[in-house]
Amino acid sequence: KSPKTLHITMQLSIFRKVLAGWILVQTAQGVMNSTGSASKKAKSSKSSKRSKPKGLSKIDLMTQNQYLGADLLIISVAAASGDPAVLNNGLIDFFASVSATDFMARVKKLAKIIAHRLPDAVGLQEVFKYTCTGNPCENELVKNAFNDHLELTLQALEDLGCLYEPIVIYEGTSVPFEFTFDGKDNAVANISDRHVILVRNDISATPVDFACPIPSGDGCTYSTSLPTPVGNYIRGFAGVDLTIEDAKYRIIHTHLEAYYPDPTNPLSSAIQALQAQELIKTISASTPLDHSVILIGDINSGTHAEIIEEPFLIVPPYIQFINAGYIDVWPASKGASTKSGFTCCEDEDLLNPDSKLDIRIDMIFSVDAPFKASRAKVLGTKESDKTKTGLWPSDHVTFAAELHFDISGED
């Protein structure tokens, strides 16, 4: 390990204090005392009035966290030191990790998972874009890091004969940095996070305009974000309206903040809880009555999450969604409820020989009760799914399910 690692350990307390202070300010504004019950009532009222065309509809969906390739906390903690040399070493360490986890090899495996199933739509998280200008970009330690994960994904799918279109792209955090190997020749790199909804090109699809207060790309940024030493780390949501055989669907896609952005501070889980609360209100207020509504993505929360009652109430996203009446598709799917359905997480370097999946946080929720859910599967769990060098396709596995809706309009 480089000397940077020691500095990171010493500077953790600085980052924790910044985050804890921000959480307390947010809590003082009284925004966490909701479990989603009001949204549940609003949604139930809306659903009861719905009028739909006759028939039984079917849609196949997938959510896939592609993994950015390293832990961004490396950069945040190094920046908190206030020492340019520590930050420089942190950036090199980060880009070296991204390079080593080799997205250009992994994306071929991720694309095969999509191609084998051919879902109607796919929600992709951590679709990063790394750019770099300057001679240090070509250093063997880091040069494999700099590419556009969306472009590589679309090309890998096309190579397999699968044509998908990125109908909506949510533009998340984008931050420029400078780094050097010799202290003289500098490079300028940019790190950009996105999440994307891909739709098969034979399906009619249009982006959803939520008329949100903080638009970004084709989506909306949450009003609550994670403060870091290099600026707020923003996250958001986006949606697409699909028509499949005269049935109308609204697919909403998100990637919520981590459960504990600061693992030593349980109050930091308030960030994702506030984001979920905002999303539920938006869905309730904006969905057309003639659409079947489905929420997909990495919510960084699951059945393992617990309500925090002191010093103030924090209701995890998974519990909020269930309280709002959303149907968790995994246990609703025939045969799936007897299995774990774990979707996360492999080691950060992706080289663990045996899978270490132990939580389920990648979700498909049906906002309207489906007639049935089927073919719910976690994909990318086999030894054959690894790259030639032994890398798992991602630190998450892919989750897919098929939903059927009764759209007869009968009571």
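**Figure 1. Asp246 in the loop between β9 and β10.** Asp246 is found in the loop between β9 (236-244) and β10 (247-255) of this predicted model. Its phi is near 70°, a positive value in a residue other than glycine. With a relative accessibility of 66%, Asp246 counts as exposed, because the cut-off for that class is over 50%.

**Figure 2. Arg375 in strand β14.** Arg375 is part of strand β14, which covers residues 372-379. Although Arg375 is not a glycine, it has a positive phi of about 55°. Its relative accessible area is 39%, so Arg375 is partly exposed.

**Figure 3. Two cis peptide bonds.** Glu310 and Pro311 are joined by a cis peptide bond with omega of about 5°. Pro311 has its place in the loop between β11 (292-298) and α8 (317-323). Another cis peptide bond runs from Cys344 to Cys345, with omega near 5°. Cys345 is placed in the loop between α9 (329-332) and β13 (362-366).

Figure 4. Helix α6 spans residues 149-159, and its buried residues are His149, Leu150, Thr153, Ala156 and Leu157. These residues lie on the same side of α6, because they cover an arc of only 130° around the axis. The face turned away from this buried side carries the exposed residues Glu151 and Asp159. At the start of α6, a side-chain oxygen of Asp148 comes to within 3.0 Å of the backbone nitrogen of Leu150. Just after α6, Gly161 adopts a positive phi of about 80°.

**Figure 5. Asp120 between α5 and β2.** Asp120 lies in the loop that connects α5 and β2. At 10% relative accessibility, Asp120 counts as buried. Its side chain reaches the backbone nitrogen of Asp60 at 2.7 Å. The side chain of Asp120 also makes a polar contact with the side chain of Arg200, at 3.0 Å. Leaving aside residues up to four places away in sequence, Asp120 touches Lys58, Ile59, Asp60, Tyr164, Leu198, Val199, Arg200, Ile203 and Ile244.

**Figure 6. Val199 in strand β5.** Val199, a residue of strand β5, is buried, with a relative accessible area of 1%. Not counting residues up to four places away in sequence, Val199 touches residues including Asp120, Ala121, Tyr164, Glu165 and Ile167. Ala205, Val240 and Leu242 are also among its contacts. The C-alpha atoms of Val199 and Val168 are separated by 9.2 Å, and these two residues are 31 residues apart along the chain.

Figure 7. The structure holds 16 aromatic pairs. In one of them, the rings of Phe95 and Tyr130 have their centres 6.4 Å apart and their planes at 90°, so the pair is edge-to-face. The pair links distant parts of the chain, with Phe95 in helix α4 (residues 84-100) and Tyr130 in strand β3, 35 residues apart. Phe95 is buried at a relative accessible area of 0%, and Tyr130 is buried at 2%. The rings of Tyr259 and Tyr260 form a stacked pair, because their centres are 4.4 Å apart and their planes are at 25°. Tyr259 is buried, with a relative accessible area of 18%, whereas Tyr260, at 30%, counts as partly exposed. One aromatic cluster is formed by Phe94, Phe95, Phe128, Tyr130, Phe146, Phe179 and Phe181.

**Figure 8. The largest nonpolar core.** In soluble globular proteins, nonpolar side chains tend to be buried together. The largest nonpolar core here has 30 residues, of which Phe94, Phe95, Tyr130, Cys132, Phe146, Phe179 and Ile191 touch the most other members. At least two residues of this core come from each of α3 (73-80), α4, β3, β4 and β5. Helix α4 gives the most, with six residues. Apart from this core lies another, of 28 residues, among them Tyr170, Ala205, Leu242 and Ile294. Phe179 has contacts that include Asn88, Leu91, Ile92, Phe95, Cys132, Pro136 and Phe146, not counting residues up to four places away in sequence.

**Figure 9. Helix α7.** Helix α7 runs over residues 270-286, and its 17 residues should span 24 Å at 1.5 Å a residue. Its end C-alpha atoms are 24 Å apart, which agrees. The helix is mostly covered, with 14 of its 17 residues buried.

Technical notes: Residues are numbered from 1 along each chain as its sequence is written. Side-chain values use heavy atoms; hydrogens and water are left out. Buried means under 20% relative accessible area, exposed over 50%, partly exposed in between (1.4 Å probe, protein chains only). Helices (H or I, at least four residues) and strands (E, at least two) are DSSP runs, numbered from the N terminus. The arc is that of the directions from the helix axis to the C-beta atoms. A polar contact is a pair of N or O atoms within 3.5 Å; within protein, one must be able to donate a hydrogen and the other to accept it, and residues adjacent in sequence count only if both atoms are side-chain atoms. Contact means heavy atoms within 4.5 Å. Rings of Phe, Tyr and Trp (its six-membered ring) pair if their centres lie within 6.5 Å; planes under 30 degrees apart count as stacked, over 60 as edge-to-face and the rest as tilted. A nonpolar core is a set of buried Ala, Val, Leu, Ile, Met, Phe, Trp, Tyr and Cys residues joined through side-chain atoms within 4.5 Å. The expected span of a helix is 1.5 Å times one less than its number of residues.
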